[in-house]
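Open the model in your viewer and keep the selection tool ready.

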Amino acid sequence: MSHSDHAGFHRVEHERLDVRALVLLTLIAAAAGAVTGFVGGGFRWLLQHIDTWRTGTVLGWTSSHGPWGWLVPVAVSAAAAAGATWVAVRVPLAAGSGIQHVEAVERREADPPPLKVVPARFVGGLLSIGLAGMVLGREGPTVHIGATIGAAAGRLCRATLDEVRGLQTVMAGAGLAVAFNAPISAAMFVFEEIAKNVRIRLVVWTLASVATAVGCSRLVLGDHPDFIVPAIARPSFALLPLFVVFGAFVGLVGVAYNWLIRATLRWFDALSRLPAVVKAAAVGAVIGAVMQIDPDLVGGGDALSQKIFDGQRFALLTLIVFLAVRFVGGPLSYSVGTPGGIFAPMLALGALLGLLFARCIDVFSADLGHQLVLSLVLVGMSSLFASVVRAPFTGIVLVIEMTTITSVTVLLLAAGAAAVIVASLLRSPPIYDALRERMLRAGHPA
């Protein structure tokens, strides 16, 4: 066979593989996205109902069971946290967020997840986030569930290992899209955070999987943004420096939050003589006690953020308590290896930071503080995400999709840049890079 014949053969073979990747595997990604949409949508639906039961019925028992009634929520949270950790002990990949494992698979540092991760994540997440009320996010389980379904679909159709890795990567984005009903930011997350590059077949697979995942999840949950936010007038461009300063401040808080997550993981690792289930039960008991002060002090934080958007304003001391409790509660909940993520709690913490900064402005100008409060809340949410995760565009688009507010886009960009600069200058590692390295070094998936 001549040289030209060889070249022609390889060109035809390359084209055949491209057609297969762009057509057959796109259909597989779309089908896997549909499965992820229904599974993730069911997960969110159950979480909503369990959360209502926990904050209503369980906390109601405190007033109907005499002087010892306060022990009921404590016992429920402790038992649920212990149960979630027991699941994670049996299936170690179910511990923690799961996003760091998705990234390790994409970088060929770990194998794609086995299918047993799906029920482990599903049940463990319902126990830790729902019943226990731990300060964790639903996105961790749904991202890993999506990635696992993508890997299983690839194996089922006898895809190559590279294609299986690609499918698990894009399906992680589908899981994130379901978690927040935010398809565009989920697609951006695939390329900005997980893959860290753009390849045409991943783009096509991501578009297909995210579209079907969100479409199917909306059949379960309905089609509405996660937060209902009143219209916000476009702030004056002259106020941009104020938001840059706020972004830098949030960047500092993000550095501290990032450090605390890593520190609490080390501290709990040092308690090696205590079984993981016992450590989780202890933290769960603390969560159960705290939720009786105010249910919004714990949990993912969606209800708290919505109350802020609805106009609820806290006394300064109350606001500081909420910030302190949720700042510590997130890392504490994450450190014991229960299934759950850190996105949703960060969004709530960022909203509280925006509220606090507005109160500081009130000291100088009450009218200006009142005028900017919602803008600061949105900027706080996206900037804290940018500082901790180091994926600023994902954070910005996520906040826009969750609120349908676009009038503060310029402020989101400027403050996000300031937050990333501060975190980078202080050499704070992106949280999922740190968690991935920890997982690979010590064998801890959380």
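Start with the lining of the largest pocket: by class it has twelve nonpolar, nine polar and seven charged residues. Here Ala, Val, Leu, Ile, Met, Phe, Trp, Tyr, Cys and Pro count as nonpolar, Asp, Glu, Lys and Arg as charged, and the others, Gly among them, as polar. This is a predicted model, where local features need pLDDT of at least 70, side-chain atom pairs count only at pLDDT 80 or more, and totals for chains, interfaces and linings use all residues. Residues are numbered from 1 along each chain as its sequence is written, and side-chain values use heavy atoms, with hydrogens and water left out.

The largest pocket holds about 600 Å³ of space. Select Gln48, Asp51, Arg138, Asp302 and Ala303: of the 28 lining residues, these are the closest to the pocket's centre. A pocket is an open set of points on a 1 Å grid over the protein atoms alone, with protein on both sides within 12 Å along at least five of seven lines; lining residues have an atom within 4 Å of a point.

Next, colour α1 (3-64), which gives the most to this lining, seven residues. α4 (117-131), α8 (200-221) and α11 (302-309) each supply at least two. Helices are DSSP runs (H or I, at least four residues), numbered from the N terminus. Domain 1 (19-221) and domain 2 (237-442) each provide at least three lining residues of the largest pocket; the domain bounds come from an automatic or database assignment.

Now find the largest cavity, about 60 Å³ in volume. In a cavity, a 1.4 Å probe fits but cannot get out. Select Arg44, Gln48, Asn181, Ser217, Arg218, Leu221, Gly222, His224 and Asp226 to show its lining. α8 gives the most to the lining of the largest cavity, with three residues.

Move to α5 (residues 139-156). Its 18 residues reach 25 Å from first C-alpha to last, close to the 26 Å expected (1.5 Å times one less than the number of residues). In α5, 16 of the 18 residues are buried, meaning under 20% relative accessible area with a 1.4 Å probe, protein chains only; exposed is over 50%, partly exposed in between. After α5, click Arg158: its phi is positive, near 60°.

Finish with the cysteines. Cys157 is partly exposed, at 27% relative accessibility. Cys360 is partly exposed too, at 41%.

Key
Points joined across faces, edges and corners; volume = space filled by probe spheres on them.
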